[in-house]
Amino acid sequence: MPKRTRFTIWRSLATAGITALLAAFLTPTAAQSAPQESQPVYSYAKAIHEAVWVDTGLDGDGDGKTDRVAVDIVRPSEPARQGRKVPVIMDASPYYSCCGRGNESQLKTYDASGNVVQMPLFYDNYFVPRGYAFVGVDLAGTNRSDGCVDVGGRSDIQSAKAVVDWLNGRAKAYTTRTGTARTQASWTNGKTGMIGKSWDGTIANGVAATGVKGLKTIVPISAISSWYDYYFAKGAPLYDSGPDWLSGYVDSPDAQAKCAAVQQKIVDGAPRTGDWTPFWTERDYVKDASKVKASVFLVHGMQDLNVRTKNFGQWWDALAKNGVERKIWLSQTGHVDPFDYRRADFVDTLHRWFDHELLGYDNGIDRQPMADVERHPDQWVTSATWPPSGTATTTLHPAQGTQAGVGTLGLRTGAGTETFTDNPQESETDWAAAIDKSTADKVGFVTGPLTKDLRLSGSSKVTITATPTTSTAHLSAVLVDVGPDTIRDYADSAEGITTLTNRTCWGESTAGDSACFLATQAKTKAVDYNVVSRGWADLGNYASATKGVPLTPGKAYTITLDLAATDHVVPAGHRLALIVAGTDKDLIDPPSSTPTLTLDLSRTSAQLPLVGGASAFTKATAGARSTTTTPTVKTPTTLDGVRSPRSALRVPGN
């Protein structure tokens, strides 16, 4: 059967008559004209709070009974009495009892009957009065659910998929965790949108990749698209622990008592060698992007060093290849929710997105630009498509300069070699701060000052040919914008925001669930340079991205590093730099040896997604100081940037 082609078009109602008819069912009063925006006409104080347990069909904890996951529901009471059915916004999370959600780490709280009182975040407060139900799902093995956490695998994904099936009449649910009384979701039309940050958004990606019917849209925020790429970069370990540590972190006490066998499977399936195993295949949602039927509103921080941006780049590219309807926001922050850096605009955009995707309102959001990009703190630009039309991969080459390890970057192939020694105590910030100095631990290649702006948009690659002196070696490649700027301080503990003491309110409050949240503002830093993209690899993976081998000292190897997706303008007057080095402190773990590596410059290059392609690079460097000799720097100084990245987080959450 030929592959089904999906076009990037927007669902629209066929006629004004159909629009008006649906509006009559989906709004409190019959509409005389097509609605543009859902209004807060339902009482949040009178909303129905209930809990059900959905049968996943799995027995992850091995107790001889299929697992049930807890589903807490907040929905308006009026539509059910009027015979109207409502759509659902869902956040499936492992964090509702162990760790909390949002900038204030909110947990679910319950009344004496076991019904949810506080649902974390603003989604229920804001959307329930507007005619939506909100559903908070405890992943299997967490909070009040049966089963075991398996870190993005079948159990995690089925936890949420089964709920979508139940909302559409295809799965069983019960009124209690262990009882036999069944319950149906007769109050919903089954149209579901999933949302969530980090692990929660990852579940949304994974459920969408099953192609489940009824899931109309997802809003993954700082989410993982392949769990291998959360833990490794082509064999190089990004963290000092694996997914077995993470599952233990979120397991409920009940799961900790029952899930030893699952824990051992995680340990066995995810060896610290960095080799790809079937464990990672099960947790790779990118490979199943062709199954995605839901639209996608993707949000990510371009300086996210927790869920690193390769995850959004490869997911976005796969969705685009398969014609999935999509929208994207890219901020200058780290691992931060848009509610905490662009609050009013995010609530408004999310409202319009869900109205369009779940209620079918023709509100024009489909005709707005596809991408919003934060160019400077709180300064946003848009692109009709992303990457922008005219973006083309352009190959740049490093060349020798007049100092060892301080070379140039241009369109012509270089010659000769450069050498550096891995120093696990140095980070990308140390390398970039000394870009104009000859240092033993890195080599750097820089353009002359640009005469025109140069925009990178998308994912880059750097191909390196290197000869190691030892049998193990790790490599880092870093792109740097060299020049003064003020940026969000993404290396600060709050990753680009400051939390204030005043609150802003979004929706209706009750005594147990406030709709008012601490305000924030951008935390900025004046810098002399800005690392805009980075990538890593174990040189032992030169022949295979899925399996590493020992190296032969003195032998040259060629490997391509995948750099993080980004959207960045190097302004006129600044320089673009490529740095190649070994261990990037706190962002990858070091190899077992301390190699010296010699780069063959004639076989080393960077493939960059430049808006305007090679001609844009030529124009941007025309009139600049020669790119065949090292730019003259009268007195090389140590440049100032953000602090070195702090010790790597191991939790894809807050």
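## Surroundings of Trp536

Trp536 touches Ala233, Lys234, Leu238, Arg308, Leu475, Ser476, Leu561, Asp562, Asp584, Leu587 and Ile588, leaving aside residues up to four places away in sequence. These contacts come from a predicted model. With one of these residues, Asp584, there is a polar contact between side chains, at 3.3 Å.

Trp536 belongs to strand β25, which covers residues 524-538. Is Trp536 buried or exposed? Its relative accessible area is 7%, and because buried means under 20%, Trp536 counts as buried. Gly211 lies 325 residues from Trp536 along the chain, and the C-alpha atoms of the two are separated by 32 Å.

## The open sheet

An open sheet is built from 11 strands with mixed pairing. The strand order is β7-β1-β2-β6-β3-β8-β9-β12-β13-β14-β15. The edges are taken by β7 (173-174) and β15 (379-383). Each of these has a single partner strand, so one side of each has no neighbour in the sheet.

Strand β3 spans residues 86-93 and strand β6 spans residues 133-138. The two pair in the parallel sense over 6 bridges. In this pairing, Ile89 stands opposite Phe134 of β6.

## A helix across the sheet

Which strands does helix α12 lie across? Helix α12, residues 343-358, lies across β3, β8 (188-197), β9 (215-221), β12 (295-301) and β13 (326-331). Relative to β9, helix α12 runs at about 160°.

Terms used:
Residues are numbered from 1 along each chain as its sequence is written. This is a predicted model: local features need pLDDT of at least 70, side-chain atom pairs count only at pLDDT 80 or more; totals for chains, interfaces and linings use all residues. Side-chain values use heavy atoms; hydrogens and water are left out. Two strands pair if DSSP finds at least two bridges between them. Helices (H or I, at least four residues) and strands (E, at least two) are DSSP runs, numbered from the N terminus. Contact means heavy atoms within 4.5 Å. Axes are lines fitted to C-alpha atoms, for helices over the stretch in contact, and angles run from 0 to 180 degrees between N-to-C directions. Buried means under 20% relative accessible area, exposed over 50%, partly exposed in between (1.4 Å probe, protein chains only). A polar contact is a pair of N or O atoms within 3.5 Å; within protein, one must be able to donate a hydrogen and the other to accept it, and residues adjacent in sequence count only if both atoms are side-chain atoms.
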